[in-house]
Amino acid sequence: SLISIIKNKSFKLTRTDLLNDKAEILFGDTEIHKQSYNMCFTGEKEYISMWAMYGKASGIKLRLDFPQEEFTRDITGDCFYENEFPKINYVKLWNVPQMEAFSLLSVAYLDKESKTLKHNGGPFVNLKYTDYIEGSLTGYVKYDAWEFEKEIRLRTLYSTGDRKQPKSIFLKINQNLINQFHITFSPWLSKEMQDEIRKCLDSLAGSKLSYDESVHCGEINEM
């Protein structure tokens, strides 16, 4: 995935109704789901549980960090979707200056029992369940079991009208942001594999990127 991000200079956003968040499926506005696209981030430190949950077991797992300020400033605003036939044919959706067509907000966490929303600061503080039902938070809610992730989501809306909605769209980024990528290796990657990954990614990026080992190296075997 990271090879594709660097090679194509783009991030992939998934249609909201294809996400696996149960709270969204049960309570979100289904029409908005079908016309909105998300990319998920975390502003939180490393957790061993997140290394274990995301990515295939015994696969190559990497954490990608970059400055939020640079991201919101340097994305080009070009959006594309990928046709099924042929797969390499990208159709341009729109061009907008910087972040005008996007929202970048922290997720609100839904308490199952009290039906209230919790938030770690920001625009969703103290909002009640009824506020969410009105649809204003569609695409930005999860059950509070996931609250430790401190998730942030980028969302954009796109409608094809009567045509079939694409499953995903691609947001172009520029080289300046790629040059600031900071990559952390999973706790279970060998030194040899780390070296090979460095060579591959630096070659694709055209510059030396920044790398670190996980703070959890040696703590636990891969789950």
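A salt bridge here is a side-chain nitrogen of Lys or Arg within 4 Å of a carboxyl oxygen of Asp or Glu. Asp21 and Arg153 form one, with their closest N and O atoms 2.2 Å apart. This is a predicted model, in which local features need pLDDT of at least 70, side-chain atom pairs count only at pLDDT 80 or more, and totals for chains, interfaces and linings use all residues. Residues are numbered from 1 along each chain as its sequence is written, and side-chain values use heavy atoms, with hydrogens and water left out.

**The chain as a whole**

- The protein chain has 8 helices and 13 strands. Helices (H or I, at least four residues) and strands (E, at least two) are DSSP runs, numbered from the N terminus.
- Of the 223 residues in the protein chain, 42% are buried. Buried means under 20% relative accessible area, exposed means over 50%, and partly exposed lies in between (1.4 Å probe, protein chains only).
- Contact means heavy atoms within 4.5 Å. Take the contacts between residues at least 6 apart in sequence: 73% of them join residues at least 24 apart.
- The protein chain exposes about 12,400 Å², and carbon and sulfur atoms supply 52% of that area. Accessible areas come from the Shrake-Rupley method with a 1.4 Å probe; for residues, only the protein chains shown count as cover.

**Salt bridges**

- The structure holds 11 salt bridges. Side chains of opposite charge can pair when their charged atoms come close.
- Return to the pair of Asp21 and Arg153, a salt bridge with its closest N and O atoms 2.2 Å apart. Asp21 lies in the loop between strand E1 (10-15) and helix H2 (22-27), and Arg153 lies in strand E10 (residues 151-157), so the pair ties together parts that are 132 residues apart in sequence.
- Both partners are buried: Asp21 has 10% relative accessibility, and Arg153 has a relative accessible area of 0%.
- Glu151 forms a salt bridge with Lys142, and the closest N and O atoms are 2.9 Å apart. Glu151 is buried, at 7%. Lys142 is buried too, at 5%.
- A network of salt bridges links Asp21, Lys142, Glu149, Glu151 and Arg153.
- Arg15 and Asp17 also meet through their side chains in a salt bridge (2.7 Å, N to O). Arg15 counts as buried at 13% relative accessibility, while Asp17 counts as partly exposed at 31%.

**Strands and sheets**

- Two strands pair if DSSP finds at least two bridges between them. Strand E7 (residues 108-110) pairs with E8 in the antiparallel sense over 2 bridges. Leu110 stands opposite Leu117 in E8.
- Elsewhere, strand E3 (residues 62-65) and strand E12 (residues 182-185) pair in the antiparallel sense over 4 bridges. Arg63 stands opposite Thr184 in E12.
- E12 also runs parallel to E13, and 3 bridges join them. Here Thr184 stands opposite Asp212 in E13.

**Two serines**

- Ser214 lies in the segment after strand E13 (210-212). Ser214 counts as buried at 6% relative accessibility.
- A polar atom of the Ser214 side chain lies 2.9 Å from the backbone nitrogen of His216.
- Leaving aside neighbours within four places in sequence, Ser214 is in contact with Glu46, Trp51, Thr184, Phe185, Ser186 and Pro187.
- Ser103 lies in strand E6 (residues 102-106). Ser103 is partly exposed, with a relative accessible area of 21%.
- Leaving aside neighbours within four places in sequence, Ser103 is in contact with Tyr140, Arg153, Leu154 and Arg155.
- Ser103 and Asn38 are 65 residues apart in sequence and 9.6 Å apart in space, C-alpha to C-alpha.

**A nonpolar surface patch**

- Met53, Tyr54 and Trp146 form a nonpolar patch on the surface, with about 290 Å² of accessible area together. Patches are made of residues with over 30% relative accessible area and no salt bridge; like charges are joined within 9 Å, and nonpolar side chains (Val, Leu, Ile, Met, Phe, Trp, Tyr) within 5 Å.
- Trp146 sits in the loop between E9 and E10. Trp146 is partly exposed, with a relative accessible area of 33%.

How values were computed: Polar contact = N/O pair within 3.5 Å; in protein donor to acceptor, adjacent residues only side chain to side chain.
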